[in-house]
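Please look at the structure below.

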Amino acid sequence: MTQSDTHTTPQPHVTHTVLNQSAPRRDINEYELNTVLREAVQRHDGGWADDELREIGALVGSEQFQHDAHLANTITPELHTHDRWGNRVDEVEYHPAYHRIISASIAHGSHTRCWADPQPGSHVVRAAGFMMFGQIEPGHACPVSMTHAVIPSLELQPDVAAQWVPKALSRSYSPDLSADKQSAIFGMSMTEKQGGSDVRANTTVAKPVAGGGPGAEYLLTGHKWFCSAPMSDAFLVLAQAEGPAGEGLSCFLLPRVLPDGTRNVFRIQRLKNKLGNKSNASSEIELDGTVAVMIGEPGRGVRTIIEMVAQTRLDCVLGSASGMRQSVAEAVWHARHRAAFGATLADQPAMAAVLADLSLESEAATVTAIRLARAHDEDADDQERAFRRLATAVAKYWICKRGPHHSYEALECLGGNGYTEDFPLAMRYREQPVMAVWEGSGNVIALDVLRAMTREPESVAAFDAEISLARGSNRTLDTHLDSLRDHLGELSRLDAASAQRRARSVVESMALALEASLLVRFSPAPVADAFIAARLGEDRNFEYGALPDGADLSAILERH
């Protein structure tokens, strides 16, 4: 026997074949697959943009766009305070994938198309596009939202608006900071470390260069605790104005680059180490004799910038709703492709109940978000404007609060895969809380609702008129609407401290009334009936999957 007879060449071993994994959810059309969004766009006068929205849906559903979203959230922004020779540059470097994403978003008008092309449904179309881009990559939506929201505030100062609004309306994008750019991205910076939401406690000082007043130059000195998207071309900021033109907290436009091409003093101290929103840089900044122009009246800074805040609060609702859509889409997709114990997960009663409940929450959020967008169109009458004043705050409070738990439950549907960064729901789980914090956390928004009720009672009447359009369709909803009227009446008679203690529960009731009433009017009966029974019925339960007996799970899920 020879040596070759006793030894054989090792053969490769196939240990297993990968099977029973969901197919990649890519190269799809996110608009065509989103029945709820498409119906809402048609219903609220946005059907004229269907072709464009389908184009966006195909783009964001593509494998390349999804890969760019992953890169932008993995290779995160990096701050460069100085160049190699020691000169301050205060620049943030982003991965090219981020620039590709925001460029595409702006090219499709996600920032300002409703202002550039005002007609019935313009805000609806803009909202739908914004939601689809944000569904896949939410971080870039921050500067896009602020650029959209800045227009009403800028228009309060016509001379400044003439210079800056055309740049904001441009659909071109360049990351370079330059005085001769024909486009611009905007940011905002209000809060300071000693005050947070109490912006009247701000200590940043604005000294006039000459006489001062609206449209005049000031020099700002101070420190801002949060400045999102610091590589934007310009910012709205709040500062305490000094001088003979008037004193007090005022609003200013601060450009990154001065007309002569030199950099304005804008020292980026550090980037915030955030829980989520990783692709978008947020920072602390220092102003030291920084040039800015007053917008609006001296001492009326909050009133001036609140025009911007009203729009960004709506975008928080849009962002949370789009996040819910991503969560549901990924969870349902996985469950329809994965089998266990002899059946696909989607056909298992326990999983079907969870998926249907997640779908109900997503549909309620989307229907509400697009209804609010329609109320922001230029053809809105006095009642619509009063409705949106209160309803936007109510929806911002509730829908944004529902987002984090919703994303967690969807993540759990994917099991261990959901907990890995290779799937998008880990990113979404970190992302959803920012919508509840940005532009006013829960208490701030609840108190704003109380403020609107007191100072603008017509908003309460308009809100009641809207939700009452669904009366007579569902007995449980009617009971809730009657109870809500009683609670609102009681609230108006309480002292301030007692009203504040009741604020959250009342706003929750208002939000559920709005969502339920819209579902009754606009969604199929199985959806509306299940939502009302689960959220307003005697056995109401906010734990996903605890739907009442008789809920038509198949009818709910077929819309997702």
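Q: How many aromatic pairs does the structure hold, and what makes two rings a pair?
A: The structure, a predicted model, holds eight aromatic pairs. Rings of Phe, Tyr and Trp (its six-membered ring) pair if their centres lie within 6.5 Å. Local features need pLDDT of at least 70, side-chain atom pairs count only at pLDDT 80 or more, and totals for chains, interfaces and linings use all residues. Side-chain values use heavy atoms, without hydrogens and water, and residues are numbered from 1 along each chain as its sequence is written.

Q: Why is the pair of Trp164 and Phe186 called edge-to-face?
A: The ring centres are 5.6 Å apart, with 75° between the planes. Planes under 30 degrees apart count as stacked, over 60 as edge-to-face and the rest as tilted, so the pair is edge-to-face. Trp164 lies in helix α9 and Phe186 in strand β3, 22 residues apart; helices (H or I, at least four residues) and strands (E, at least two) are DSSP runs, numbered from the N terminus.

Q: What makes the buried residues of α3 line one face of the helix?
A: Asp50, Leu53, Ile56, Gly57 and Val60 are buried (under 20% relative accessible area, with exposed over 50% and partly exposed in between, for a 1.4 Å probe and protein chains only). Seen down the axis of α3, these residues fall within an arc of 120°, so they line one face. The arc is that of the directions from the helix axis to the C-beta atoms.

Q: Why is α14 called roughly perpendicular to α15?
A: Their axes cross at roughly 105°. Angles of 65 to 115 degrees count as roughly perpendicular, under 35 as roughly parallel, over 145 as roughly antiparallel and the rest as oblique, so α14 is roughly perpendicular to α15. Axes are lines fitted to C-alpha atoms, for helices over the stretch in contact (heavy atoms within 4.5 Å), and angles run from 0 to 180 degrees between N-to-C directions.
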